[in-house]
Amino acid sequence: MPRPARLGRRFFARPTLEVARGLLGATLVHQVGPGDRRVGRIVEVEAYVGPSDRASHARFGPAGRARVMFGPPGHAYVYFIYGMYYCMNAVTEREGHAAAVLLRAIEPVKNVEGRTQGPGLLCRAMNIDKHLNGHDLESDDFHIAAPRQEVPQVIVKRPRVGVDYARRWAKRHLRFYIQGNPFVSRP
DNA sequence: TGCACGATGAAC
DNA sequence: TTCATCGTGCAC
């Protein structure tokens, strides 16, 4: 059986909506320590398309919290939120175009315990925190791999969660998930 | 220097 | 609907 192809710079250096849809069904891998390689299948994501996206942290500019989003694609943007949770994004588009895809839910595949429905729980279960902010996703210990084979899946488009303050940007269907998957946070 | 608030999740 | 809990952004 062929080894799943690790997604590299070229995959992420594309339009964010394409990357978002392409990440559904892919597997997130984090080698937490010796003998603890955690793997989860991505089933729900959100796209944050640029600094003009009023829901994106990129709106605060390259000197702000989301400076990693202004850097090269294929890196992790991990931030701390509500005083207790971390959320993980994969940076997209070309360097200088601040965009990313938020990973909202995974289906446990290997060594993943606890709930994984929602960006905060996902990071907790995968042991992802601020020490991984800015980490290169083209690495052995932390990366995303393409599905082994094309699995038929219907992709649902919905408004993003928790961004009502963003006016018209809150209405756009920039959340994507695999229809019928039981691990989606908010079907 | 202070303060309001959030790309959340759980309890009530 | 409220609350836990704290870093960030911005007003002062």
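This is a predicted model: local features need pLDDT of at least 70, side-chain atom pairs count only at pLDDT 80 or more; totals for chains, interfaces and linings use all residues.
**Stop 1: helix α2.** Select residues 16-23, which form α2. Now color Thr16, Val19, Ala20 and Leu23: these residues are buried. Look down the helix axis. The four cover an arc of only 100° around it, which puts them on the same side of α2. An α-helix has 3.6 residues a turn, so residues three or four places apart point the same way.

**Stop 2: what α2 packs against.** Keep the buried residues of α2 selected and show their partners. They pack against α1 (9-12) and against the strands β2 (36-48), β5 (100-110), β6 (142-145) and β8 (175-178). Then step past the end of α2 to glycine 25, where phi is positive, near 95°.

**Stop 3: around DNA strand B.** Select DNA strand B and the 23 residues that surround it. The closest are His57, Tyr79, Asn89, Gly120 and Tyr165. Color the surrounding surface by class: 15 residues are nonpolar, 6 polar and 2 charged. Which elements supply at least two residues each? They are β3 (76-81), β4 (85-91), β5 and α3 (119-126).

**Stop 4: backbone contacts to the DNA.** Zoom in on proline 119. One of its backbone N or O atoms lies 3.2 Å from a phosphate oxygen of DNA strand B. Finish at alanine 55. Here a polar backbone atom is 3.3 Å from a base nitrogen of DNA strand B.

How values were computed:
Residues are numbered from 1 along each chain as its sequence is written. Chains are lettered from A and ligands numbered from 1 in the order in which they are written. Side-chain values use heavy atoms; hydrogens and water are left out. Buried means under 20% relative accessible area, exposed over 50%, partly exposed in between (1.4 Å probe, protein chains only). The arc is that of the directions from the helix axis to the C-beta atoms. Contact means heavy atoms within 4.5 Å. A residue is near a molecule or strand if one of its heavy atoms lies within 4 Å of it. A polar contact is a pair of N or O atoms within 3.5 Å; within protein, one must be able to donate a hydrogen and the other to accept it, and residues adjacent in sequence count only if both atoms are side-chain atoms. Ala, Val, Leu, Ile, Met, Phe, Trp, Tyr, Cys and Pro count as nonpolar, Asp, Glu, Lys and Arg as charged, and the others, Gly among them, as polar.
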